[in-house]
Amino acid sequence: MADKISHPLFARIYPRINAYAEAHGSLAHRRELLIGIRGSVVEIGAGTGANFPHYPAPVERVIAVEPEPRLRALATRAAADAPVPVEVLPGRAERLPLDDASVDVAVMSLVLCSVTDVPTALAEARRVLKPGGELRFYEHVRARRPGPYRRQRILNPLWRLAGGGCNLTRDTESALRSAGFTIEAIRRFDFRPGGRPHPASPSLIGLARPDPAQGQGQRAG
Ligand SMILES: C[S@@+](CC[C@H](N)C(=O)[O-])C[C@H]1O[C@@H](n2cnc3c(N)ncnc32)[C@H](O)[C@@H]1O
């Protein structure tokens with residue numbers, strides 16, 4: 001699997017989509033995602049670096065991994081203004097450029113919708129976490145009610161095309177449990193920017209830890 005992902009159109013429009021979302025509530029979600037974290041962090045699929053301004057001072061350093069070159073260039077620029085040291089690296093979730101047990105926190109925000117191989121990405125997050133480390137996640141997910149879920153499934157092929165491979169229908173809670181994480185905190189909510197529901201409204205913010213009974217994650221392949 002190549003480490004580079006190229007989505008030039010999405011990379012051009014995502015900053016605008018994100019600016020709209022942040023003006024309508026997602027800024028608060030980003031702060032909530034990162035509240036109370038400390039130590040060393042890997043942010044997986046960092047995009048434009050929209051989380052960087054919200055890292056709290058006890059964070060010693062952030063390694064931000066982003067496979068899309070145009071988004072990575074924006075993240076590199078954002079890193080210069082971050083309140084904590086941030087290093088931006090190429091790479092993808094399924095093969096993180098980090099040693100085993102090397103970080104205290106892994107951060108995934110709006111990225112498990114887009115990675116090609118969710119089980120491998122989560123196994124990688126487990127692999128790089130130190131014992132007792134934590135995964136912070138902020139994701140849009142499949143709807144729990146049948147009607148909205150059916151609409152998500154119908155729309156998904158088009159959404160994937162326009163959204164740089166983003167899926168509306170991922171069951172991220174189940175994927176976390178299947179990957180050997182224990183979910184310690186979770187807030188499920190509908191994100192309705194401007195008061196309007198949209199296909200990616202069903203959302204989660206939470207904290208999960210690798211279940212020690214299931215051992216350290218393994219590098220795939
Ligand atoms: C919707 S954007 C979210 C960006 C950022 N995390 C945020 O919160 O704004 C999805 C991101 O996932 C990245 N991505 C897609 N596939 C990936 C993969 N296999 N590994 C790592 N990142 C990936 C994209 O390049 C993009 O930056």
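**Notebook: pockets and a surface patch**

I began with the second largest pocket, where helix 4, helix 5 (172-178), strand 6 (181-190) and strand 7 (202-210) each supply at least two residues of the lining. A reminder to myself: this is a predicted model.

I then asked which element gives the largest share of that lining; helix 4 does, with four residues. I noted 24 lining residues for the second largest pocket, and Ala 143, Arg 144, Pro 148, Asp 190 and Pro 202 lie nearest its centre. Sorting the lining by class gave me ten charged, nine nonpolar and five polar residues. For the space in this second largest pocket I wrote down about 450 Å³.

Next I turned to the largest pocket, with a volume of about 1100 Å³. Helix 1, strand 5 (129-140) and helix 4 (146-162) are the elements that give two or more residues to its lining. Helix 1 contributes the largest share, nine residues. I counted 50 lining residues for the largest pocket, and found Phe 10, Tyr 14, Leu 110, Ser 114 and Cys 166 nearest its centre. By class, the lining of the largest pocket splits into 25 nonpolar, 17 polar and eight charged residues.

Which residues make the nonpolar patch of about 270 Å²? I found Leu 9, Ile 13 and Ile 17 there. I followed up on Ile 17, which lies in helix 1 (residues 8-34). Is Ile 17 buried, partly exposed or exposed? Ile 17 is partly exposed, because its relative accessible area is 44%, and patch residues need over 30%.

How values were computed:
Residues numbered from 1 in each chain as written. Predicted model: local features only at pLDDT ≥ 70, side-chain atom pairs only at ≥ 80, totals over all residues. Heavy atoms only, no water. Patch = residues over 30% accessible without salt bridge, like charges linked within 9 Å, V, L, I, M, F, W, Y side chains within 5 Å. Areas by Shrake-Rupley, 256 points an atom, 1.4 Å probe, with all protein chains shown as cover. Salt bridge = Lys/Arg side-chain N within 4 Å of Asp/Glu carboxyl O. Buried < 20%, exposed > 50% of the residue type's maximum accessible area, 1.4 Å probe, protein only. 1 Å grid on protein atoms, 1.4 Å probe; cavity = no way out; pocket = protein on both sides within 12 Å on 5 of 7 lines; lining within 4 Å. Points joined across faces, edges and corners; volume = space filled by probe spheres on them. Nonpolar A, V, L, I, M, F, W, Y, C, P; charged D, E, K, R; others polar.
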